[in-house]
Amino acid sequence: MKCPHCLESVSIFSKEMNKFGKSKVCPKCSNSIQLYVSPKWAAILIIPAVVSALLLEPIFIDAGLSGSLSTGLMCGVMVLLSMRLKVPKVKESA
Ligand SMILES: [Zn+2]
């Protein structure tokens with residue numbers, strides 16, 4: 001993910017991203033950033049996510065796991081990949 005301020009890449013697993021609370025800061029430039037799930041990316045990624053879930057389902061069942069686990073896993077990966085950083089707004093305009 002790229003910081004909207006300094007365009008440096010910020011890891012989703014970095015300490016700054018995993019802090020509690022809504023206000024997060026960029027570890028590189030210390031400006032406030034907001035983590036959000038991009039609907040555009042979610043829409044793009046839903047297709048490979050569904051296909052992967054369907055492909056993984058028999059493997060999961062073979063391994064003695066629930067088939068729905070593959071769907072859950074792929075949804076989680078999809079959300080993770082759809083995450084983007086943006087400049088937080090004080091007021092959301094309608
Ligand atoms: Zn930054």
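Contact here means heavy atoms within 4.5 Å. The model is predicted. E16 sits in the segment before β1. Setting aside neighbours within four places in sequence, E16 is in contact with K24, V25 and P27.

P27 lies 11 residues from E16 along the chain. The C-alpha atoms of E16 and P27 are separated by 6.5 Å.

## The zinc site

Four cysteines supply the protein donors of the zinc ion: C3, C6, C26 and C29, each through SG. The donors lie 2.2 to 2.3 Å from the zinc ion. Angles among the 4 donor atoms run from 105 to 117°, and the site is tetrahedral. For four tetrahedral donors, the ideal angle at a metal is 109.5 degrees.

Along the chain, the zinc donors follow the spacing C-x2-C-x19-C-x2-C. Two of them, C6 and C26, link distant parts of the chain, 20 residues apart. C6 belongs to the segment before β1 (24-25). C26 belongs to the loop between β1 and β2 (32-37).

Is each of this pair buried or exposed? C26 has 1% relative accessibility, so it counts as buried, the cut-off being under 20%. C6 has a relative accessible area of 29% and is partly exposed, because this value falls between the 20% and 50% limits.

## Helix α2

Helix α2 covers residues 68-82, 15 residues in total. At 1.5 Å a residue, the helix should span 21 Å.

Which residues of α2 are buried? They are S70, M74, M78 and S82. These residues cover an arc of only 100° around the axis, which means they lie on the same side of α2. An α-helix has 3.6 residues a turn, so residues three or four places apart point the same way. The cover over the buried residues of α2 includes β2, α1 (39-62) and β3 (83-86).

## I46 in helix α1

I46 is found in helix α1. Its relative accessibility is 39%. I46 therefore counts as partly exposed, since 39% lies between the 20% and 50% cut-offs.

Definitions and conventions
Residues are numbered from 1 along each chain as its sequence is written. This is a predicted model: local features need pLDDT of at least 70, side-chain atom pairs count only at pLDDT 80 or more; totals for chains, interfaces and linings use all residues. Side-chain values use heavy atoms; hydrogens and water are left out. Donors are N, O and S atoms within 2.8 Å of the metal (3.2 Å for Na, K and Ca); water is not among the atoms, so sites may look incomplete. Four donors count as tetrahedral if all angles lie between 85 and 135 degrees; four count as square planar and six as octahedral if opposite donors are over 155 degrees apart and all others between 65 and 115; anything else is irregular. Helices (H or I, at least four residues) and strands (E, at least two) are DSSP runs, numbered from the N terminus. Buried means under 20% relative accessible area, exposed over 50%, partly exposed in between (1.4 Å probe, protein chains only). The expected span of a helix is 1.5 Å times one less than its number of residues. The arc is that of the directions from the helix axis to the C-beta atoms.
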